[in-house]
Amino acid sequence: MRKLLDLLDENNPELYSMSRADVHARELYSIVLKQHDDGRLTRAFMAMEDVKPFDIQLHTHAYSIDITAVTGLIRHHTATPIMLNTTFPYVRMPTYRYRSMLREETVEQRFVQDGLANLHIEDYYLPPDGSIYLKSSDIHTVSCTAKSIWIIEEGNRETEDTKFFGIPFRKGTMYRSLVDSPKEVDMCIDFLRKSLENVVDLT
């Protein structure tokens, strides 16, 4: 956690130029702590309201990720594709090849239908200061209580398209840039700093 406080102290310009609000769900902030020389991002996600299970649809990533819980009650949901002759319970879900909402494309370009998937879904809690690693092809989502924070550290980009499972949605007012809302970024940074300092003080 100390290295994250150090990143905040660097006051990198991407804090204000690349951070966004309402990312994946309402009142969920993505604060970019650093853009590394190779393009990878280290981001803090902060949920100001509860995120219910599957408010954020199941998805893969374009890169591997490390997720570290900072505070709050965070539940990690995973999905494993299975064969039809299994004894495991499963759900059938529409599958799409998906491109990030941060791209300026139409919904038809962002979501390309790719059949149905049979998924076995499981979940578990991620305790504060606990970390998990996901390959780019791993299917997951998260839910959490209000005031939860987790850190995402991206690996190297491996693909342009990812997988998305569920009902496509329009960008609308989601993924709002915070370039013109520095006070909103400052609020998030203050909350993140206090939360990290509390964790560091306990270790």
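In this predicted model, phenylalanine 45 has a relative accessibility of 3% and therefore counts as buried, since buried means under 20% relative accessible area. Tryptophan 150, at 4% relative accessibility, likewise counts as buried.

The ring centres of phenylalanine 45 and tryptophan 150 lie 5.8 Å apart with their planes at 5°, so the pair is stacked. Because phenylalanine 45 belongs to strand E3 (residues 41-47) and tryptophan 150 to strand E11 (residues 148-157), the pair ties together parts that are 105 residues apart in sequence.

A further pair joins tyrosine 98 and phenylalanine 164, whose ring centres are 5.4 Å apart and whose planes meet at 35°, so this pair is tilted. Tyrosine 98 lies in strand E7 (residues 91-98) and phenylalanine 164 in strand E12 (residues 162-165), so parts 66 residues apart in sequence are tied together. Tyrosine 98 is buried at a relative accessible area of 11%, and phenylalanine 164 is buried at 3%. Together with Tyr96, these two residues form one aromatic cluster.

| Charged residue | Ring | Distance to ring centre |
|---|---|---|
| Arginine 75 | Tyrosine 125 | 4.1 Å |
| Lysine 147 | Phenylalanine 191 | 5.7 Å |

Turning to the strands, E5 (residues 63-71) pairs with E9 in the antiparallel sense over 4 bridges, and isoleucine 65 has leucine 134 in E9 as its bridge partner.

Definitions and conventions: Residues numbered from 1 in each chain as written. Predicted model: local features only at pLDDT ≥ 70, side-chain atom pairs only at ≥ 80, totals over all residues. Heavy atoms only, no water. Pairing = 2+ DSSP bridges. Helix = DSSP H or I, 4+ residues; strand = E, 2+ residues; numbered from the N terminus. Phe/Tyr/Trp six-rings, centres within 6.5 Å; stacked < 30°, edge-to-face > 60°. Buried < 20%, exposed > 50% of the residue type's maximum accessible area, 1.4 Å probe, protein only. Lys NZ or Arg CZ within 6 Å of the ring centre and 35° of its normal.
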